[in-house]
Amino acid sequence: VTYFGMDNQLTHADVKLALPAGGGSDGGVRSPVSSGERVTLDVKQTAVFLGPYWRNSFKPEGTKWTLMPSLRGEYYSVTKEIKPAPRLAVRYDQDESLFYRAAAGLYYQPPQPQETSPSFGNPGLRSPYAWHFTTGLEKDFRGGSTDGFVVQSTLFYKLFRDLVISSSQRNSDGTYQRFNNDGSGRAHGLEALIRYDQKPWSAWLAYTFSQSYRSEPGRGEYLFDYDQTHNINLVSSVDLKRNWTLSSRIRFVTGNPYTPVVGGTFDADNDVYVPVRGPFFSERNEAFVQVDVRADKKWIYDTWILWAYFDIQNITNRENSEGIRYSYDYSQKRKVTGLPVLPIIGVRGEF
């Protein structure tokens, strides 16, 4: 089987930036000392993205193998680049209930509008790209029934190149780059899913182990600031009479890394305290834990369906940490918490 297609997108971005007068924010901690003024920018950009692709699926007669080679092209009007993105996937069917799969491919994405803005960014940036590699399996224990277990597992590895990072270097004309493509990175991990169905019950447990790193000149390799080592989701639901459904979700996610401030020194010339930073992204926020519950009701009419739901998020009212706030002299700190218990009511019509 062969597929041809084209993804196309015309976007218009209007990004408003407010740049603080403080100094650099190394590791997410901004220095209060600066001789500059606060700068406000309104970045407007119209861009065209085109993605023609050619996708194939071959299953040689008499074998258990399926080959899925594909080729995609990327065109980004902002960077004026045309990039080929080859990809290959294979599948091996051990039997009707078990198959293995593997895939590799090249993926691109354009820089953000503010990063290529002539007034603030670097119009000479290239598009970041990544090599993706995955391998995994799926096992169906239901034996042809609709009830029972299904298990999926996938290993992944990614290499990131030409990542956009902040830069204090100057261009040949003496202007600051502000951004360049000197960043790189890698990520690896495991994804696993166990799904169980036993009418009227349904449940699944998903777990992801992931480690993500970034590298840049002068700093070496460090944890990505959005790295989340463990991510666990448990979802369950039950269908009741009269088109009622009750469901719940429990989530656990490792807190994001941050750079700690270990103290402050007084700058008499500017009458402020300057933070003394600890090791780069060496500590983490507290783990995110949240329990949600939901009730759905469906009314079925001749020509349309009415849905209504009542959703309570963070029903335990847990104070999940989203960051750290320091006192003026950095001698004390407290966590910045997210939303408390949040009830939501919604209605939807389907015609």
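User: How do I read burial here: is Tyr330 buried or exposed?

Analyst: Tyr330 is buried, with a relative accessible area of 15%. The cut-offs are under 20% relative accessible area for buried and over 50% for exposed, with partly exposed in between (1.4 Å probe, protein chains only). The model is predicted, so local features need pLDDT of at least 70 and side-chain atom pairs pLDDT 80 or more, while totals for chains, interfaces and linings use all residues. Residues are numbered from 1 along each chain as its sequence is written, and side-chain values use heavy atoms, without hydrogens and water.

User: Where does Tyr330 lie?

Analyst: Tyr330 is in the loop between strand E19 (321-326) and strand E20 (333-337). Strands (E) are DSSP runs of at least two residues, numbered from the N terminus. Tyr330 has a positive phi of about 65° although it is not a glycine. The hairpin of E19 and E20 has 6 residues between the strands.

User: How many bridges join E19 to E20?

Analyst: There are 5 bridges between E19 and E20, and the two run antiparallel. Strands pair if DSSP finds at least two bridges between them. Gly323 stands opposite Val336 in E20.

User: Which residue takes a positive phi in the hairpin of E11 and E12?

Analyst: That residue is Arg242, with phi near 60°, in a hairpin with 3 residues between the strands. Strand E11 (residues 230-240) is joined to E12 by 10 bridges, and the pair is antiparallel. Asp239 stands opposite Thr245 in E12. E12 also runs antiparallel to E17, again with 10 bridges. On that side, Trp244 has Lys297 in E17 as its bridge partner.

User: What is the phi of Phe281?

Analyst: Phe281 has phi near 45°, which is positive in a residue other than glycine. Phe281 sits in the loop between strand E15 (272-277) and strand E16 (283-284). Phe281 is buried, at 11% relative accessible area.

User: Which peptide bond is cis?

Analyst: The bond from Lys199 to Pro200 is cis, with omega near 10°. Pro200 belongs to the loop between strand E8 (176-198) and strand E9 (201-216).

User: How many salt bridges does the structure hold?

Analyst: Side chains of opposite charge can pair when their charged atoms come close. The structure holds 15 salt bridges, each a side-chain nitrogen of Lys or Arg within 4 Å of a carboxyl oxygen of Asp or Glu. One of them joins Asp292 and Arg249, at 2.8 Å from N to O. This pair links distant parts of the chain, 43 residues apart: Asp292 in strand E17 (residues 288-300) and Arg249 in strand E12 (residues 244-253). Asp292 is buried at 5% relative accessibility, whereas Arg249 is partly exposed at 30%.

User: Which residues are linked in a network of salt bridges?

Analyst: Lys59, Arg91 and Asp93 form such a network. Within it, the closest N and O atoms of Arg91 and Asp93 are 3.0 Å apart. Arg91 is partly exposed, with a relative accessible area of 30%, and Asp93 is buried at 19%. Another salt bridge is that of Glu81 with Lys83, where the closest N and O atoms are 3.8 Å apart. Glu81 is buried at 10%, and Lys83 is partly exposed at 23%.

User: What volume has the second largest pocket?

Analyst: Rolling a probe the size of a water molecule over the atoms shows where empty space is left. The second largest pocket has a volume of about 300 Å³. A pocket is an open set of points on a 1 Å grid over the protein atoms alone where a 1.4 Å probe fits, with protein on both sides within 12 Å along at least five of seven lines; lining residues have an atom within 4 Å of a point. Points are joined across faces, edges and corners, and the volume is the space filled by probe spheres set on them.

User: How many residues line the second largest pocket?

Analyst: The second largest pocket is lined by 22 residues, and Leu88, Ala89, Ala102, Ala103 and Tyr107 lie nearest its centre. The elements giving two or more residues to this lining are strand E2 (39-56), strand E3 (65-76), strand E4 (81-95), strand E5 (98-108) and strand E6 (129-140). E5 gives the most, with 6 residues. By class, the lining has 10 nonpolar, 9 polar and 3 charged residues. Ala, Val, Leu, Ile, Met, Phe, Trp, Tyr, Cys and Pro count as nonpolar, Asp, Glu, Lys and Arg as charged, and the others, Gly among them, as polar.

Note on methods. Helices (H or I, at least four residues) and strands (E, at least two) are DSSP runs, numbered from the N terminus.
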